[in-house]
Amino acid sequence: MLNLFKKDLILQRYYSLMYLAYIIGFLWIGWGVDHIIVMCSALFVVQSHYFDEKDGSNILLNSLPYTRKEIVASKYIGALLFTAIVIPVCLIGDYFIGGKMEFHYSFTDLVLNIIVVMVVISLYLPFFYKFKTQYLVFAFTLLTVGIMFLMKNMPYFLNKYATDFLAFLAKVSDWQLYSVLALIAVGFYGVSWLLSYHIYRNKAF
């Protein structure tokens, strides 16, 4: 299954320069590291599905000694592995390009980024297995932008529309809050994984 993730990396080897350019460019104009991590991870998943659909590659993929369960699993595990690669690259870039010359990235930031990536990927993959990528890229590009917008403006929306909810959160420790969010994200990821496998298992190539 790790070889399937390596396959996605190899197919996107030329796109790695594009990802790096995105990271440098968005850091240069002041984007936060959180938004760049989510964007790059989502883009990696979209591109990996594009290459699988291109020129009937799914037919060749299913002729290899891998089960459909392993093919689907490689997408879900690969998305997290790619996120693990992107995070240090973004942090190093922010260290130098941001001009701060210090790291402003806590463990809670790491957990929150992984949670957001898991939610985004959970929404993406079942739809990409069900429908053609060409019909979904634009829609999910807008979705990713919308999620990043919510990430940036969430404090404002909470202060304006959810004061009672904020009062409740003030009584909850950070550890408890992030643990609950992590459990929800893992559960959501697992349900999405099973749904994607069910869809892919019944597809004919």
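**Around the second largest cavity**

Reply: Let's start with the lining of the second largest cavity, where α3 and α5 each supply at least two residues. The largest share, four residues, comes from α5. Helices here are DSSP runs (H or I, at least four residues), numbered from the N terminus. Keep in mind that this is a predicted model, where local features need pLDDT of at least 70, side-chain atom pairs count only at pLDDT 80 or more, and totals for chains, interfaces and linings use all residues. Residues are numbered from 1 along each chain as its sequence is written, and side-chain values use heavy atoms, with hydrogens and water left out.

Me: What makes a space a cavity, and how many are there?

Reply: On a 1 Å grid over the protein atoms alone, a cavity is a set of points where a 1.4 Å probe fits but cannot get out, and lining residues have an atom within 4 Å of a point. A search of the whole structure finds two cavities of 30 Å³ or more.

Me: Why is the pair Asp 8 and Lys 75 called a salt bridge?

Reply: The rule asks for a side-chain nitrogen of Lys or Arg within 4 Å of a carboxyl oxygen of Asp or Glu. The closest N and O atoms of Asp 8 and Lys 75 are 3.2 Å apart, so the pair passes the 4 Å cut-off. It links distant parts of the chain, with Asp 8 in helix α1 and Lys 75 in helix α5, 67 residues apart. Both Asp 8 and Lys 75 are buried.

Me: Why does Leu 9 count as partly exposed?

Reply: Buried means under 20% relative accessible area, exposed over 50%, and partly exposed in between (1.4 Å probe, protein chains only). Leu 9, in helix α1 (residues 2-11), has 31% relative accessibility, so it's partly exposed.

Me: And why is Ser 192 called buried?

Reply: Ser 192 has a relative accessible area of 4%, so it's buried. This residue sits in helix α9 (residues 174-201).

Me: What makes α3 largely enclosed?

Reply: 17 of its 21 residues are buried, so the rest of the structure largely encloses α3.

Technical notes:
On a 1 Å grid over the protein atoms alone, a cavity is a set of points where a 1.4 Å probe fits but cannot get out, and a pocket is an open set with protein on both sides within 12 Å along at least five of seven lines; lining residues have an atom within 4 Å of a point. Grid points are joined across faces, edges and corners, and a volume is the space filled by probe spheres set on the points.
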